[in-house]
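Here's a quick briefing to read alongside the coordinates. Grab your viewer and follow along.

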Amino acid sequence: MSKVQQEFLPFAKPLIEQDEIDAVVECLTSGWLTTGPKTRQFEEAFAEFVGAEHAIAVNSATAGLHLAVESIGVGPGDKVITTPFTFTASAEVIRYMGADPLLVDIDPNTLNIDPNRVADTVRSNDDVKAIMPVHFAGQAVDMDPILGIAKESGCRIVEDAAHALPTTYKDQTIGSIGDASVFSFYVTKTITTGEGGMVTTDDAAMADRMRTMRLHGISRDVFDRYTSKKPSWHYEVVAPGYKYNMSDIAAALGLQQLAKAERFRRAREAIAKRYSDAFGSLPVTLPSQDRADDTHSWHLYVLRLRLDELSINRDRFIELMADAGIGTSVHFIPLHMHPYWRDRYQLSDDDFPNASQAYHQVVSLPLYPQMTDADIDRVIDAVSAICTKYSK
């Protein structure tokens, strides 16, 4: 193995400590592995954490988004507004329902969906059922104008909050603003259950529907049926549901991670500050915080290269970082650049000039709580060296 391979600094790495290991072992020896007491505990703790009435644990954020749009009745002929600057899951769940996404370009500063364009799109389309803002990288979308246009038009709001734990908007925690909010616990996220997600809502009817649909449309949880001291084998299938439940093993891990969410966020924030302090004089654009008082989760640190001031493109920058033994990523390849979305809806770069331009500039740097000062210095030194060497 080469020296570079031995010392490669990954783009992302989960922080699993003894607490998580002990909790999972306890679950494994408890005799209850699938959806049960730990999952309920996790749901209750998560709902309290974000200030929501209900939390529904699922096996992925994609599953959570699907349940959320299903619970508000999205169906064939409906339109759901979302951003092109996101992972495909945001839009694919709309297609699951036979509906169509309406993609709206981003704000060039925050890279979040542009609320003014959302309002224009809603007012020019009579069949918009819902709006799905995506809180990119951990900064909250400007929600007030979106809430306003939703109220005016009767649209529902399903927030894609996969990056947004813990994030606040004007002192309100993301997870307690829209009709539903969907979080991701994928291995690269701010807290992890390996695979998993959570939907939060204050709407009891939505919560009931999602709980039913996450497990085959069965009217009773398996935990209730299998732990009752009285015969309780009977159940009813009330809808053609899905297999989206979270296991107690994952929930046991999630409970420990949730308790550390703010500690993890502070560590990410400190790393992001060091990056921004170091990169201020380079030919790059730093992540923008729209409202200084908001809490940014810093799921991602997305640097934008000012390509007109550099003699290399973003792809070459990534290669040079890899040569220095440092992993990076790109968030995101916009949806309109993928064959399915491009061809089905006849989309082009000209339809989304801000997202198209950002794509060619963005690179996500390593950002995770257990990065050492030496790790951070390596990233800073590599970025600085490349930008200096290839500056025009």
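Which residues form a nonpolar patch on the surface? They are Ile16, Ile21 and Val25, with about 230 Å² of accessible area together. Patches take residues with over 30% relative accessible area and no salt bridge, joining nonpolar side chains (Val, Leu, Ile, Met, Phe, Trp, Tyr) within 5 Å and like charges within 9 Å; areas are Shrake-Rupley with a 1.4 Å probe, and for residues only the protein chains shown count as cover.

This is a predicted model, so local features need pLDDT of at least 70 and side-chain atom pairs pLDDT 80 or more, while totals for chains, interfaces and linings use all residues. Residues are numbered from 1 along each chain as its sequence is written, and side-chain values use heavy atoms, leaving out hydrogens and water.

**Confidence**
- The chain averages a pLDDT (the predictor's confidence in each residue, from 0 to 100) of 95, and 95% of the residues score at least 70.

**Salt bridges**
- The structure holds 25 salt bridges, each a side-chain nitrogen of Lys or Arg within 4 Å of a carboxyl oxygen of Asp or Glu.
- One of them pairs Lys260 with Glu17 at 2.6 Å, N to O.
- Lys260 sits in the loop between α10 and α11 and Glu17 in the loop between α1 and α2, so this pair ties together parts 243 residues apart in sequence.
- Lys260 is buried at 7% relative accessibility, whereas Glu17 is partly exposed at 25% (buried is under 20% relative accessible area, exposed over 50%, partly exposed in between; 1.4 Å probe, protein chains only).
- Glu262 and Arg266 also form a salt bridge, with the closest N and O atoms 3.8 Å apart; both lie in helix α11, four residues apart, about one turn of the helix.
- Shared partners join Glu17, Asp19, Glu20, Lys260 and Arg263 into one salt-bridge network.

**Buried spots**
- Thr190, in the loop between β8 and β9, is buried at 9% relative accessible area.
- The Thr190 side chain reaches the backbone oxygen of Leu165 at 2.6 Å.
- Setting aside residues up to four places away in sequence, Thr190 touches (heavy atoms within 4.5 Å) Leu165, Phe264, Arg268, Ser297 and His299.
- Helix α14 buries Asn354, Ala355, Ser356, Ala358, Tyr359 and Gln361, and their cover includes α6, β11, α12 and β12.

Conventions. Helices (H or I, at least four residues) and strands (E, at least two) are DSSP runs, numbered from the N terminus. A polar contact is a pair of N or O atoms within 3.5 Å; within protein, one must be able to donate a hydrogen and the other to accept it, and residues adjacent in sequence count only if both atoms are side-chain atoms.
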